[in-house]
Amino acid sequence: MALRTEFTEMFGITHPIACAPMGGAAGGALAAAVSEGGGFGLIGGGSGNPEWVERELAIVRERTEKPWGIGFLAWGAKVEVVRRALEFGPRAVLISFGDPRPYVEVIRAAGARLIVQVTDMAEVDQAVAVGADVIVAQGTESGGHGARRGRSTLSFVPAVIDRVGPTPVLAAGGIADGRGLAAALALGAAGALVGTRFQASLEVVGDPFAGKAIVEAEGENTERSALLDIVRDSAWPPEYTARTLSHPILDRWRGRDDELARDTEAKRAYAQAVASGELPQTVWASEAVDLIGSLEPAADLVAALAADAEAALRRATRH
C-alpha cells in the first residue's frame with residue numbers, strides 16, 4: 001500500500017511526512033535527511049536570524065536535491081529574511097503563529113508554495129483567505145508553542161478539513177509513530193507534520209540533551225505553560241504557550257505568571273543557573289514522548305513512520 005496523497009503529489013515526495021520547522025533544532029542537516037528519506041524537510045527559520053538561516057540553507061542545498069522548505073514565525077520574521085531565504089530555492093515556506101499576509105507576495109513571486117499553520121478557526125479562515133496551498137492543523141498535544149486555548153488534534157483536524165474544502169491539510173500535534181500518521185490519514189489529512197519524534201534524531205542542531213531527555217520521558221512529564229517564555233523574556237505573543245518537559249521553573253512559579261514577569265532578579269538568576277548547568281535547558285516536547293524510545297537517523301525515521309502507518313491501516317481494514 002503506497003501512501004499517496006495530495007501532499008505527496010504536490011511536492012513529488014514519497015511519504016506524506018513533513019518535519020516540523022523547529023526553531024533552533026531543525027537545521028539544514030535535519031531537513032536534508034528527512035527529504036532524502038522521502039519526506040519533506042523543513043528548516044526552522046524561527047524569527048529569522050539572518051546568519052543562522054543562511055548557514056542552514058547552505059547546508060540543505062548542498063546535501064539534497066529533493067524538495068524541502070523553511071518555516072518562519074509570523075510575529076517575528078522580517079520579510080527581507082524570507083525573501084533572502086527564497087533565493088536558496090525552497091519549494092515551500094511555512095508561516096505560523098500570526099498573520100501570514102505580509103509574506104504572501106514574496107513567496108508567490110518566488111514560485112514557492114505557501115503553507116500556513118493554524119491553531120483555531122479564525123486562523124483557518126485567514127489561511128484560506130490568503131490562498132494557502134497547504135494548511136497545517138495543530139492540536140494542543142504538540143510540543144513547543146501552540147494555542148493557549150486550542151483544541152485536540154483528533155477533533156481539530158477533521159473540523160479544519162471540513163472547513164477548507166479541497167485544500168490539503170496536514171495534521172500536527174502528538175504524532176510520533178506510524179499509528180499516529182495512519183490516524184491522521186484516516187481523519188482525511190493529506191499527511192502529518194511531525195516535530196518531537198524528529199527532535200530525537202541524530203541530525204538536530206546543537207546539544208543532544210533534548211533528544212536524550214525526550215527518550216527518557218513520559219507524556220505525564222509534559223506541561224503547557226507560558227512560564228518558560230516569561231523567565232527568558234521571550235517575545236512570544238501571550239495567546240501562544242509552550243508544551244515542554246517538566247522543569248523546576250514550572251514547579252516554582254506555577255500560577256504566578258504575572259509575578260514572574262515583574263521579577264527581574266528571578267529572570268537574571270534563571271539565566272545564570274542555566275548557563276552554569278544548575279538548571280536544565282528547556283525541552284520542547286509533545287504528549288507523545290512515550291512513543292519515542294531511541295535516537296535515530298532522520299531518514300530511517302521517515303521510512304519507519306511510513307511503513308508502520310501502512311501496517312496500521314492494513315490491520316484496521318482487515319476483515
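By a polar contact I mean a pair of N or O atoms within 3.5 Å, where, within protein, one must be able to donate a hydrogen and the other to accept it. With that in hand, I can say that the side chain of Arg-243 makes a polar contact with the side chain of Glu-287, at 3.3 Å. Please keep in mind throughout that this is a predicted model.

Let me stay with Arg-243 for a moment. Arg-243 sits in strand 11, and it counts as buried because its relative accessible area is 9%, where buried means under 20%. Which residues surround this arginine, leaving out those up to four places away in sequence? Arg-243 touches Thr-140, Glu-141, Ser-142, Gly-143 and Gly-144, then Thr-222, Glu-223 and Arg-224, and finally Trp-284, Ala-285, Ser-286 and Glu-287.

Beyond four places in sequence, the contacts of Ser-142 are with Gly-173, Gly-174, Arg-224, Arg-243, Ala-285 and Ser-286. As for polar partners, the side chain of Ser-142 makes a polar contact with the side chain of Gln-138 at 3.2 Å, while the backbone oxygen of Gly-139 lies 3.1 Å from a polar atom of the Ser-142 side chain. For a sense of distance along the chain and through space, Ser-142 and Glu-123 are 19 residues apart in sequence and 17 Å apart, C-alpha to C-alpha.

Now to the empty space. Rolling a probe the size of a water molecule over the atoms shows where such space is left. How many cavities of 30 Å³ or more does the count give? The count comes to one cavity, and the largest cavity has a volume of about 30 Å³, so I would ask you to read that number together with the cut-off of 30 Å³ or more used in the count. The lining of the largest cavity is made by Glu-223, Ser-225, Leu-228, Asp-229, Ala-242, Thr-244 and Leu-250, and by class these divide into three nonpolar, two polar and two charged residues. At least two lining residues come from each of strand 10 (222-225), helix 11 (227-230) and strand 11 (240-245).

Thr-282 itself lies in the loop between helix 14 and helix 15, and because its relative accessibility is 15%, it counts as buried.

The largest pocket has a volume of about 920 Å³. It is lined by 46 residues, of which Pro-21, Met-22, Gly-23, Gly-144 and His-145 are the closest to its centre. Two or more lining residues come from each of strand 3 (68-73), strand 4 (92-96), strand 7 (144-147), strand 9 (191-194), helix 9 (196-199) and helix 14 (264-276). The lining of this pocket has 19 nonpolar, 25 polar and two charged residues.

Turning to the nonpolar interior, I would recall that in soluble globular proteins, nonpolar side chains tend to be buried together. Here the largest nonpolar core has 85 residues, and those touching the most other members are Phe-7, Phe-11, Leu-30, Phe-72, Ile-107, Val-160 and Phe-198. Helix 15, residues 298-317, gives the largest share of this core, namely eight residues.

Finally, two points of backbone geometry. Phe-97 is not a glycine, yet it has a positive phi of about 60 degrees; its place is in the loop between strand 4 and helix 5 (101-109). Asp-233, also not a glycine, has a positive phi of about 55 degrees and lies in the loop between helix 11 and strand 11. Is each of them buried or exposed? Phe-97 counts as buried because its relative accessibility is 7%, whereas Asp-233, at 55%, counts as exposed because the threshold for that class is over 50%.

Definitions and conventions. Residues are numbered from 1 along each chain as its sequence is written. This is a predicted model: local features need pLDDT of at least 70, side-chain atom pairs count only at pLDDT 80 or more; totals for chains, interfaces and linings use all residues. Side-chain values use heavy atoms; hydrogens and water are left out. On a 1 Å grid over the protein atoms alone, a cavity is a set of points where a 1.4 Å probe fits but cannot get out, and a pocket is an open set with protein on both sides within 12 Å along at least five of seven lines; lining residues have an atom within 4 Å of a point. Helices (H or I, at least four residues) and strands (E, at least two) are DSSP runs, numbered from the N terminus. Ala, Val, Leu, Ile, Met, Phe, Trp, Tyr, Cys and Pro count as nonpolar, Asp, Glu, Lys and Arg as charged, and the others, Gly among them, as polar. A nonpolar core is a set of buried Ala, Val, Leu, Ile, Met, Phe, Trp, Tyr and Cys residues joined through side-chain atoms within 4.5 Å. Buried means under 20% relative accessible area, exposed over 50%, partly exposed in between (1.4 Å probe, protein chains only). Contact means heavy atoms within 4.5 Å.
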